[in-house]
Every structure is written in C-alpha cells, then in structure tokens.
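Please keep the sequence and the structure in view while reading.

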Amino acid sequence: MQILEYHSLKKFNTFGIDISAKYFAEFSSIADIQEILSNPNHLKSKKLILGGGSNLLFTKNFDGLVLKNNLKGIELVKEDTDFYYVKSAAGEVWHEFVLHCIKKNYAGLENLSLIPGNVGASPMQNIGAYGVEIKDLFYELEAFSIADKTIRKFNKSECKFGYRESIFKHELKNKFIITSVTFKLLKKPLFNTSYGAIETELGAMGIKEKTIKTISQAVCNIRNSKLPNPAEIGNAGSFFKNPEVVKGKYEFLKIKYPEMVGYNLENGNVKLAAGWLIEKAGWKGKNFGDAGVHKFQALVLVNYGNAKGNEIFDLSQKILDSVKEKFGVELEREVNII
Ligand code: FAD
Ligand code: EPU
C-alpha cells in the first residue's frame, strides 16, 4: 500500500482548500487498514478518516495521517415481510447508493437524494433533508476500532443519533473507522412529501402518480435550484445548524420580527432557520476576498477561488457574533473544523 507524503488535499475537500497532509493513504479493505496501522508511527499519529470531504473545513496543513476510505460493495443481506436490509460499504458514494436502492425498489432514502459524500460519513452527523434523517432507516453499522484493531457493530441506540449528531462526533470521535452501514428499507413505500416544496416540484414536473423515483427527481431538482454545486463554487453545504430555542424566546423575537421562520419541535422548543437569521443580520451575498456567504442561501459559506480555510473560519466567527448580538441566538457550526 502506498503512503504519500505532503500530499495536496485540494481535490479531496469540497471547499477546495489548498492544504496538504503529512501522510496520505487510501484503503480498499480492512487488511489495508491493518497494514497501515501495523506501523507504530502511523498507529500513534493523529488521524483523519476522509470520505468525500464535503463536511470539512481545513484551516491548516494536516500534521498526521489522512486515511481515504475506498471500501466498495452493496449487498442485500436479508429480507422479511416488510423490509429489505441493505448493507453498503462505507466508501460508496451516497447518491449512487440511493440511486441503486431506488432502482431495486428499496424505499425510504429517496428524500436524501443528492447529498454529497460517502455512505460511511452518513451516520457521523445523521444526515438529513426534506423531512427524513438516516436514523429513520438505519439498522446497524460496522466500525473498525483503532485501539483494539477489531470490528465492532453498533445498533441504532448505540449511535446516539440526534439532529446532525451522533456518538461518533463526541465520545467516540476519531476512535472508529466506519466500514459499512446497513439500512432497513421499506418494501411498501411511504411517500414523505411533508416538505411543501416537494409537492410543488412534483406538480411542476407534471407528475400525477408518486413513486420513489419521481420523489428523488423532485428532491434533486429542488436541491440543484437552491444549493451551489461544489464542482463550481467551493462549499460544504449548511455551515451552521438550525438553532433550537425555547418557545418563550421565539415568541419574544416574533414580536420584533413577525416574519421570522420557526418550526415547532415535539419537545416544545422551536427550531429557527439559521439562513433567515444570517440573512437578516445582513450577511447574505457578502464576500471578503474569496471567502463569502452565498447569494441565494445565507447558510452556505463559499470559497470563490483561493480562500484560505482560516479566512472562511474567521467569517463564520463574525457571523456567529453578529447573530448573537442581533437576536441573542447562539449558532453552532455544522461543518467539521480541522
Ligand atoms: P467527510 O467530509 O469526508 O467527513 C466528515 C466527517 O466524518 C469527518 O469528521 C470525517 O473524519 C468523518 N468520517 C468520514 N468518513 C468516516 C468513516 N468512514 N469513519 C469514521 N469517520 C468518518 N448534509 C446533510 O445532512 N444534509 C444535507 O442536505 C446536506 N447537503 C449538502 C449539500 C452540499 C452542496 C454539500 C457540499 C454538503 C451537504 N451536506 C449535507 C453535508 C455533507 O454532504 C454530509 O455531512 C456528508 O455525510 C459528508 O460526507 P463525506 O463523505 O464527504 O464526509
Ligand atoms: N432562508 C432565508 N434566507 C436564506 C436561506 C434560507 O430566509 O438565505 C429561509 C428559507 O426561506 C426557509 C428557511 O430559511 O424559510 C429554511 O431554508 P431551507 O428550506 O433552504 O433549508 P435550511 O434550513 O437552510 C436545511 C438543512 C439542509 C437541508 C435542507 C432541506 C440544516 C443545517 N440544513 O437547510 O442540509 O438540505 O434543510 O431539508 O439543517 C446541510 O446540512 O449541509 C444541508 C444542506
């Protein structure tokens, strides 16, 4: 297996930040991982498991070992009356996996079409879009323990999924390499078009009868119209999470800002639209050199060319401070800062 030194990561992160990794290796099997980690220097060095690089902001050169996941393979492992259990290796591209499931008529993932990145990163932040999160379809995952050099299974409750959260972002951060994820997919589709935009788009497409394929296409159309394509403008999707506030705070803010966007949560709190807060704080479309806030979606920070990671980070800090000052609301970064 080849281990490259001082390898550029510019094309391995969707922000297009030009930094390098001290060591870089791609693994295509568990044996590859074991081989790399059999070198005591690599075992003890700082590590970063890399998928599609679509939820990362590199702020400096990476002084350690980057392990690029290239594990491939999709398999129907079992089925029962109502479900298909479909296991995907972690290095499969997420959207290709979704398209594979749609083709086979395995239902449930269609609302999550076109999310960039790999299957292996999907549990990291419990990816979500258009009313669905992977926790809704998740069955189990397998992960390689860096300390024990063994594979361990995690069921849904062990993953501690939340909104853009899992145990792998906290207690188990950098301790496991997710090697496969198994989803429990429906034999009989349950169309989730609670996001009004999906119904509107299906109407615009002239669709009379919903299928998982047409819903996927509608979601792709909406996403293409709303979010910048990283192949054209560097970005990592939403830079911040949508913040949750207590109902009283929402009602207080609503008096001053009647048009403020908020969604009621089951726990009684209200989720605010961070994009709205950032836009109202005056940041939408602003840029500082090549680091900017997207002109159509204020939640997305962008690299117009040669921005440095810390320029984008500094911009995110200014946004955090200004939203806090204007609304008294604390934003939290969604993107992993490296
Ligand atoms: P990477 O960026 O490579 O890694 C992300 C984190 O996971 C890092 O900490 C990395 O170390 C860790 N990691 C990656 N793979 C493994 C592994 N196998 N084992 C252990 N750790 C691992 N996200 C959403 O939830 N919903 C959206 O709608 C959405 N839209 C997006 C739109 C755009 C245009 C972009 C650019 C991003 C969007 N994202 C969205 C964010 C991103 O697509 C997801 O977070 C995705 O799951 C990241 O996958 P990745 O393979 O690129 O992960
Ligand atoms: N809005 C504004 N101004 C903006 C952007 C948004 O006022 O500049 C308002 C919109 O008008 C709308 C509300 O904010 O009323 C929500 O906007 P949108 O529907 O575009 O969704 P979002 O909250 O910005 C979230 C996720 C996305 C996911 C979409 C669709 C988070 C942090 N982001 O975005 O996920 O694709 O909903 O479900 O939860 C990601 O995580 O990277 C990501 C792109």
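How do the residues of the shell around ligand 1 divide into nonpolar, polar and charged?

## Make-up of the ligand shell

In this predicted model, the shell around ligand 1 consists of 16 nonpolar residues, 15 polar residues and two charged ones. Of the 33 residues around the ligand, those that come nearest are Ile49, Gly52, Ser54, Gly128 and Arg223.

## Backbone contacts to the ligand

Several polar backbone atoms lie beside oxygen atoms of ligand 1: a backbone N or O atom of isoleucine 49 is 2.7 Å from one such oxygen, while a polar backbone atom of glycine 51 is 2.8 Å from an oxygen atom of the ligand, and a polar backbone atom of glycine 52 is 2.7 Å from an oxygen atom of the ligand. Ligand 1 taken alone exposes 980 Å², of which the protein buries 94%.

The elements that each give two or more residues to this shell are strand S3 (47–50), strand S8 (128–129), strand S12 (176–186) and strand S13.

## The sheet that contains S13

Strand S13 also belongs to an open sheet of four strands, which has the order S13-S19-S18-S17 and antiparallel pairing. Strand S13 (234–238) and strand S17 (287–288) are the edge strands, each pairing on one side only.

Within the sheet, strand S18 (residues 291–293) pairs with strand S19 (residues 300–303) in the antiparallel sense over three bridges, and glycine 292 stands opposite valine 302 in S19. Helix H9 (residues 309–327) packs on the sheet, where the helix touches S17, S18 and S19, and its direction makes about 35° with that of S18.

Key
Residues numbered from 1 in each chain as written. Chains lettered and ligands numbered in written order. Predicted model: local features only at pLDDT ≥ 70, side-chain atom pairs only at ≥ 80, totals over all residues. Heavy atoms only, no water. Pairing = 2+ DSSP bridges. Contact = heavy atoms within 4.5 Å. Axes fitted to C-alpha atoms, helices over the stretch in contact; angles between N-to-C directions. Near = heavy atom within 4 Å. Polar contact = N/O pair within 3.5 Å; in protein donor to acceptor, adjacent residues only side chain to side chain. Areas by Shrake-Rupley, 256 points an atom, 1.4 Å probe, with all protein chains shown as cover. Nonpolar A, V, L, I, M, F, W, Y, C, P; charged D, E, K, R; others polar.
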